[in-house]
Amino acid sequence: MKPRNVFYIVSQELIKVSSLLPSNKNRSLLVHSLANSLGLLEATSSEVAVNTDSPSLELDLEPHFRIVRPRCATVQELCMYHDRDYIDFILDPSSQEHKLSTYPDLQNGEQGPNLFSEFGVEDDCPPFLGLDKYVQLVAGGTLTAAELLKSGDADIAIFWDGGRHHAQKSRASGFCYVADCILAILSLKKAPPLQRNLEIGRRKARVMYLDFDLHFSDAVSECFYNPISPIGNTSMNSSPQVLTLSVHHAAPGFYPVSALSRLSRPTSSDSPPTPSGGLDPFTLSIPLKQGASVKTFHRLWPTIESIKNAFNPDYVVLQCGTDGIAGDPHAIWNWSLGLEEGSMDWCVSQVLNKWGVHVLMLGGGGYNSANTARAWATLTSIARKKPVSSETQIPDHTAFPLYAPSFIMEVPAGNMRDENTDEYLQEIEQVTEGRSVLSYLYSVSGLAMDNLLNLIPKTYLPVVVVLGLVTLAKFVIKATGVFLQTFILPGTSLKRYTRKGVESWAVVTGATDGIGKEFALQLAKAGFGIILVSRTESKLKSVAEEIESKTQAKAKILVIDFSAPTESDYSALANTCNGLDIGILVNNVGRSHEFPVPFAESTLEDQHAIVNINISATLRVTQIILKNMIQQRRGLILTLSSFTGAIPSPLLATYSASKAFLQTWSDALQSELKSTGIDVECINAYFVVSNMSRIRRASALIPMPKEYVSSVLKKVGLQCGALWTGRPSASTPFWSHSILDYLINLIGWKAGFIHYTLNLHKDIRRRALRKKEREAAAAKKD
């Protein structure tokens with residue numbers, strides 16, 4: 001393994017302007033002075049400052065450590081996130097000098113004129129001389145570090161003057177004038193993934209932002225927040241390239257106030273009232289109570305690592321704010337240094353030494369400057385694999401007196417009680433590691449596959465590859481089969497169900513309208529005599545006359561009301577068919593509700609009629625005709641079913657169940673008759689223009705009866721879209737229905753289709769009820 005390359009971004013100009021920051025005066029000078037006095041800024045070979053303004057950045061990849069001067073960020077780079085008006089204002093040094101001379105109290109945090117208020121340059125973010133250069137260098141330093149990581153020259157890049165996470169798009173906020181954390185993430189999104197992730201097919205880098213600051217990373221989290229539930233959200237996190245995780249203090253009124261700072265709860269009723277609603281599994285928060293100590297961080301570290309493992313980042317932006325360590329003026333947490341399990345330096349060590357990612361280390365809050373210098377020098381030593389002991393004496397240098405009274409590197413914990421109880425920490429673990437946040441992370445955009453492949457031992461990879469190829473082959477074979485059967489291959493010829501020299505007949509139920517009538521006409525044209533069975537004698541006679549006038553076939557009629565048939569009706573059917581060569585039976589008769597209706601509101605009359613017609617009548621008719629076919633050892637039984645038989649159809653529950661019955665019954669009957677020469681098919685239909693569907697206009701998905709019946713008779717013996725769906729007798733012959741059936745079974749998300757159908761039927765029901773109301777109102781007027 002090659003030595004890791006660590007780059008440290010600093011310059012004299014940067015130290016000078018950063019030390020002017022009103023909230024952290026001279027802190028930058030202390031930080032870099034201590035690191036230098038400890039020998040941590042000595043380059044591995046001769047110290048070299050690399051100028052990243054150069055178009056070509058040539059670096060020796062062998063050295064462990066180099067110092068790099070930050071460049072100034074351009075206006076275009078700053079406007080990757082910030083508004084142009086804000087940047088123009090903040091970078092105008094002449095106006096700042098004029099305003100500071102006109103309003104001298106502004107530098108002390110007093111409220112300023114309207115323009116200052118508009119851009120938030122007041123109160124905790126007062127203007128100061130050199131603000132323009134500070135913004136450019138802080139943003140430029142962070143982008144310099146990001147560029148070193150993107151190019152592959154750096155494994156770790158350190159920039160302690162960065163880490164500003166409160167600045168808004170058009171306002172300074174919370175001691176932050178520029179959102180350099182956001183700029184770094186946006187830059188790293190364009191980096192190539194790590195080699196191990198390229199090998200498993202990843203095309204875009206994933207960036208994890210981990211924030212240890214006492215205060216919630218509001219600007220960063222809000223920038224990349226993109227909830228799952230609302231559709232059409234257009235935030236920057238439109239793809240799962242960025243995950244933000246803020247570990248911070250949260251209490252009523254504590255800065256910054258944000259709904260996103262609460263514990264991320266994807267399924268509970270008390271979910272944070274986020275602006276857009278819903279959980280973003282890539283914008284996470286772990287809020288801690290007062291007194292958070294090494295014990296709390298050690299307890300939660302497996303949770304943080306589980307999030308990292310689920311996301312599998314290529315780059316980590318690590319914000320190392322120190323306002324949570326003991327001795328800070330905030331006095332809220334009780335975190336410490338000392339490489340004890342759960343200490344700040346221990347946590348950072350886990351990231352740097354065990355996570356296997358490229359890391360951008362940034363500063364942040366921290367208002368005890370001596371302790372901040374101790375902390376960041378310690379973290380620098382860990383990055384260099386030259387860890388400084390907590391007992392190390394502070395070297396003699398200009399700032400030496402500021403490290404009284406201990407004059408050592410240790411930042412020990414105080415006596416504050418840790419209010420983060422076992423119960424509270426367990427709640428965090430359950431919400432994050434249970435069937436909630438992690439399940440979202442693993443389910444969105446193939447994250448599970450990435451991590452699964454990482455967990456597979458290399459010796460098993462050939463097996464995984466073979467299984468993958470087999471799965472791909474099955475998909476290709478199935479898709480090819482569906483395509484060929486739907487568009488290329490011809491079905492069984494109808495002549496197979498005739499006998500040479502003998503007049504063959506077809507029985508069609510529900511034969512006077514729509515699909516039934518078309519079956520009768522087209523089978524007559526194919527040379528079959530037709531036995532028409534339906535309840536309206538006048539319509540039967542009309543269809544029979546049309547058949548005999550347009551074809552050379554004969555037609556017989558039989559009047560049966562299948563909603564209330566008698567035994568004499570079925571005896572009449574048997575007598576009519578007796579002695580005839582029955583080659584085909586079309587079970588077309590069917591009944592549905594007038595319009596969608598909740599089962600609880602459906603009438604017994606409707607329920608009985610649907611069961612009698614769709615089930616009982618079909619069974620009796622088939623049994624009568626089947627005896628004839630078994631004697632002949634040939635025949636075709638076509639039973640008209642529906643997509644509602646394969647996918648439960650809310651608001652048409654009884655009808656849907658009757659069609660599911662026909663599918664199961666047909667599957668069983670097909671198996672029984674396989675050796676007899678009798679073919680059984682259950683025709684899976686979507687919408688067709690007909691009286692039952694109440695649809696009057698055809699489309700690509702809704703054919704006219706003529707073209708639908710033609711597709712059925714041309715594809716006899718082929719399953720088309722129902723191929724390999726576990727329904728052996730099913731056939732979906734019409735081309736668009738075939739594709740739809742194939743896609744539904746390929747996706748396999750039955751619950752989603754049920755939900756879609758429910759909404760569709762609710763809309764149909766609403767329109768039908770309104771129509772009835774209009775008709776009733778019109779009748780009253782008449």
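A residue is called buried here when its relative accessible area is under 20%, exposed when that value is over 50%, and partly exposed in between (1.4 Å probe, protein chains only). The model is a predicted one, so to speak of local features takes a pLDDT of at least 70, and side-chain atom pairs count only at pLDDT 80 or more, while totals for chains, interfaces and linings use all residues. Residues are numbered from 1 along each chain as its sequence is written, and side-chain values use heavy atoms, with hydrogens and water left out.

Take the chain as a whole to begin with. Buried residues account for 55% of its 782 residues. The fold comes with 25 helices and 16 strands (DSSP runs numbered from the N terminus: H or I for helices, at least four residues; E for strands, at least two).

Now for serine 642. UniProt, in an unreviewed entry, lists Ser642 under "binding site"; such annotations may be inferred rather than shown by experiment, and the record's positions follow the numbering used here, with feature names shortened. Serine 642 sits in the loop that runs between β14 (635-640) and α22 (653-673). Its relative accessibility is 10%, which is why serine 642 counts as buried. Leaving aside residues up to four places away in sequence, serine 642 touches Tyr655, Lys659, Ile683, Asn684 and Ala685, where touching means a contact, with heavy atoms within 4.5 Å.
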